[in-house]
Amino acid sequence: MPCDFAENFYRMRTYWKVALLGWQDSLVYRFNALVWVLYAVVPSLTLMLVWLAAYENRPGGEVGGFDLSQMMTYYLFVTALSVAITPHPEWDIATTIRDGKLTPYLVRPLSYFFYRLAWESSYQIVKTAMMLPAFGLIWWFFREYIALPSLSLPEWAAFFAATLGAYLLLSQIKFLLGISAFWVLEPGGFMEIYNVVSGLFAGRLLPLALLPTWAQTVANALPFAILYAFPMQILQGQATSETLIWGFARQIFWLAALSLLVTWTWRRGLLRYESVGG
């Protein structure tokens, strides 16, 4: 038991060092983080302007149960949430596999998934910090329409727990997209399809309440609704006790299911892996 504890402690320190290296790398390549921030902010800013024009034609009205203030607040915070919890390791993973450069990671006494998770987590911190000026600028521009969240301490705790669960789910999904390179030479098509589908069904481009019933059913049956829409329900004070229980239960289920799928897919992929040019 002491040896196991020492080994686990050593590995935790190793992952911490990986996170620090990822932090340093993110600071060196800050432009990459800026690109991903703009990738999330520009479409949402465009949609906020569209909705502002739409509501001007129906003063005092609602769309899908959202008044203008709720809609603008939703887009502001779902954009910030998207930047903060959406990692992008799939491109590096796919390139590493395709170029035959995965071998150095396989011979190390580390989990490649946790290695990538530690690296990406530090990158997410840098990216979130770079997003804050844009967040402040958008808030100031639309400040008369924004209602800042007013939550109790338990509600904030539930929001951060849901956000952490969503981040882990997104990490696993992106990992699956990356390791598809074991079978597909250029998995970029899968990644773009996922971005479109998740933008629609996860509540990033539209609140789920605005989608048709069949689309809401798909979003709830698959893990999409618990990525962005579920934390946003809590943040905007729209989550009931039943919503919280059902939301966290689905996050736990999909975390377990995706963990098994990632492990199985990774092992199957390694059987096909060839270190060519690595």
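How are H6 and H7 oriented to each other? They are oblique, going by the angle between them (angles under 35 degrees count as roughly parallel, over 145 as roughly antiparallel, 65 to 115 as roughly perpendicular and the rest as oblique). This is a predicted model, where local features need pLDDT of at least 70, side-chain atom pairs count only at pLDDT 80 or more, and totals for chains, interfaces and linings use all residues. Residues are numbered from 1 along each chain as its sequence is written, and side-chain values use heavy atoms, with hydrogens and water left out.

**View 1. Helix H6 packs on H7 at about 120 degrees.** Here the axes of H6 (residues 112-141) and H7 are 11 Å apart (axes are lines fitted to C-alpha atoms, for helices over the stretch in contact, and angles run from 0 to 180 degrees between N-to-C directions). Helices are DSSP runs of H or I with at least four residues, numbered from the N terminus.

**View 2. H6 bends at Leu132.** The bend is about 30 degrees, and Pro133 follows within four residues (the bend is the angle between axes fitted to the seven residues ending there and the seven starting there).

**View 3. H7 runs roughly parallel to H11.** Their axes come within 10 Å and cross at roughly 25 degrees, with H7 covering residues 153-179 and H11 residues 241-272. H7's side of the contact includes Ala158, Gly165 and Ile179, while H11 brings in Leu244, Trp254 and Trp266, among others. Sorted by class, this contact has 18 nonpolar, 5 polar and no charged residues (Ala, Val, Leu, Ile, Met, Phe, Trp, Tyr, Cys and Pro count as nonpolar, Asp, Glu, Lys and Arg as charged, and the others, Gly among them, as polar).

Methods:
Helices (H or I, at least four residues) and strands (E, at least two) are DSSP runs, numbered from the N terminus. Contact means heavy atoms within 4.5 Å.
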